[in-house]
Amino acid sequence: MNSNMKCLAQASTIALLWTASAASANEGMWMPNQTADVGAAMRADGLQIDPAQLSHLDAAPLNAIVSLGGCSASFVSPEGLIATNHHCVLESLQYNSKEGEDHLTNGFLAKSLSEELPATPGSRIYIIEDQRDVTADMLKGISADLTGFARHERLDANRKALIAACEEQPNRRCDVRAYYGGASYYLQQKLEIQDVRLVYAPARGIGEFGGDKDNWMWPRHTGDFGFYRAYVAPDGSPRPYAPDNVPYRPKNWLRIARQGLKEGDFVMVAGFPGTTDRFRTAREVGFNFAHYEPLWQRWLSDYAAQIKRATAGNRTAQIRYASILQGVENYAKKLAGDLAGADAVGLNARKVTEETAYRNWVAGDPALQARYGEAIAELDALVEESSRASLQRRGAALLGQAQILSSARTLYRWAKEHEKPDATRESGFQDRDRSEIIGRLTRVEREYLPDIDRKLFEAALEEYHRLDAKDRDTAFETALGQIGLDRLYADTKLADTATRLGWLDKPAAAFEASHDPFIKLAVALYPGDITAERTDKDLAGRTQAARATYMKGLLAYRKAIGRPVYPDANGTLRLTWGKVTGRTQDGQIWTPFTTAEGLLAKHTGKGEFDAPEAAIAAIRAKDYGPYVAPALGTLPVDFLSTVDITSGNSGSATLNGRGELVGLVFDGTLDGVIADWAFAGDRNRSIHVDSRFMLWTMDKIDGADRLLKEMGVQRASGSSAAGKRS
């Protein structure tokens, strides 16, 4: 037996072990066009509809699945009603809160269409229409003799051209994403709904019950759901908010399952998972967990503590910074789970073992070595370079904690980019990005208080000054020293929204002549930003060349050993499936469902465990109506499943085998978040809010009968809810 045959034999053993594990773990975030590869496995696990139906973006259920640009969601009525997570509408609750109307605490329910409120500025609903392979178009003009920078610019130019052609269709938002490290590219075309309105979200004591303490934990008793609605012009075409806009009528919407789930049932999730790193090299994994994530975890934990100290005792400030704080705490805790999980699963050794099998397979065949060997060595060298660069540039994120400074940098960059033709402007600063930037600049008015921002910026500067001098920006430090923090906040006019937006159409020369202190800092930072960006582009171009070839080899290897391959998550539409399943580990038994009685046991009436009085009274009275789970004999709240998800899946519809809505996925468990780097079926569990708890809350607690009727749900007889105060 030659060396390559030995490698294949060893690899086949690894593949068999993987297959045995994966068969019960349901690993994979699959593209819709891959359903032919996994359809039989889905049918075996309990899918009742034709798997081929899941490859069609223009048919149910996939054309009811939408993106919110950071969360996932789904149409649940013929009138454009959209279900997603409570934490995905949190910013809109915050934005619409004011003195006397604390929607963050009390929730919100529109009693009629006319009472539905505009969502946070810049909010969008994206309806997927097409996902097509554009690899050949993306690689036009790409050759081995290009420098890294030139390669990056050619890829970027090709990408912009594809997007521009796609967006010649009105009201479309298009993007091109890399798959398998740039070995292939797909264009995703979406209809863009610009008028998004807040319809309903339960009180914080349901939607965020358990708060940060229960975040990423099981058992969980959180009603993490909320509703938006899509609005369009009377002729059905998307347009920005207008009083005479009407609800959008989707081609399809999800029906609420009449029969709820029980343990062992098939479930499927469709959504837009953000990012996973399962194909990173062992060197990249080693650096990430030894250096990068520990640093970020500490910084984010410190930042969360700083926000809490700065806003303590000030309810207005707490409302303003609620969304920022939630995001920071969520990610800091996730990183802590990453770090613990990497040790628990022996991630470094696991990656080395898998990678060695692939590299030995290449090394054992001269033809494979000639095809992939150079790229493997080149990628290793580039990983070292990239690791050093990521630590050197870490200070930029610290400066971003000053919101007005971030706005000033965006505005000045916009002005500089608009000295160029639109096609050659940097992505994010083209004409197509104007409305998004306006939304971002407008949102500051509800997320900013100067005294709080100053405290946070002072703390960030303390950390910034601990960086090596070579990693700091001398021009920025000089300008800040000349201005001083007192003048920085006292003399700026950018805190005013109208003034801030007014700078969007001013030329770069106006910025350079301005005496506004934050604008002066933005101008000082610009040269260093551009230099660092050019360096990053050169590195990215060289890395794409090596990684694309590396991944082509890995795909060939996986095919040779019979192991299916799905691409890392990249914010595009994916399907994943599993079963309603608990978990047993040393000393612990996780049942697959939590119940209303468990919520009552956790309720303290204070802090994170303060459920609404109406909910507590109904639970004590066991007033559950038709929402009882027969196998449990009570009202289910949340459930666990084995579906494979990550960030961005928040709000994703959870469907049963018939394609009916049975819940919304909203979280994972802390010891399972390491799956972003390497799937671990024995510990991977996702957390969903059960549709029966959603309906019970809407019916019995908040009196959302208008919405229940719209969704085709028969309201329970005898419901006594008086309706939520809006």
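# Reading rings and charges in a predicted model

Student: What sits over the ring of Tyr 126?

Tutor: In this predicted model, the charged end of Lys 190 does, at 4.9 Å from the ring centre. A charge counts as over a ring if NZ of Lys or CZ of Arg is within 6 Å of the ring centre and within 35 degrees of the ring normal.

Student: What do the numbers and atoms here refer to?

Tutor: Residues are numbered from 1 along each chain as its sequence is written, and side-chain values use heavy atoms, leaving out hydrogens and water. As the model is predicted, local features need pLDDT of at least 70 and side-chain atom pairs count only at pLDDT 80 or more, while totals for chains, interfaces and linings use all residues.

Student: How is a pair of aromatic rings described?

Tutor: By the distance of the centres and the angle of the planes. Rings of Phe, Tyr and Trp (its six-membered ring) pair if their centres lie within 6.5 Å; planes under 30 degrees apart are stacked, over 60 edge-to-face, and the rest tilted. A search of the whole structure finds 22 aromatic pairs. One of them joins Tyr 358 and Tyr 557, with 5.8 Å between the centres and 40 degrees between the planes, a tilted pair.

Student: Where in the chain do Tyr 358 and Tyr 557 lie?

Tutor: Tyr 358 is in helix 12 (residues 347–363) and Tyr 557 in helix 22 (residues 517–560), so the pair links distant parts of the chain, 199 residues apart. Helices (H or I, at least four residues) and strands (E, at least two) are DSSP runs numbered from the N terminus. The chain has 26 helices and 20 strands.

Student: Are Tyr 358 and Tyr 557 buried or exposed?

Tutor: Buried means under 20% relative accessible area, exposed over 50%, and partly exposed in between (1.4 Å probe, protein chains only). Tyr 358, at 1%, is buried, and Tyr 557, at 3%, is buried.

Student: Which type of pair do Trp 361 and Tyr 557 form?

Tutor: Their ring centres are 5.5 Å apart and their planes at 50 degrees, so the pair is tilted. This pair also links distant parts of the chain, with Trp 361 in helix 12 and Tyr 557 in helix 22, 196 residues apart. Trp 361 counts as buried at 6% relative accessibility.

Student: Which residues do ring pairs link into a cluster?

Tutor: Phe 287, Tyr 292, Trp 296 and Trp 299.

Student: How many of the residues are buried?

Tutor: Buried residues make up 57% of the 726 in the chain.
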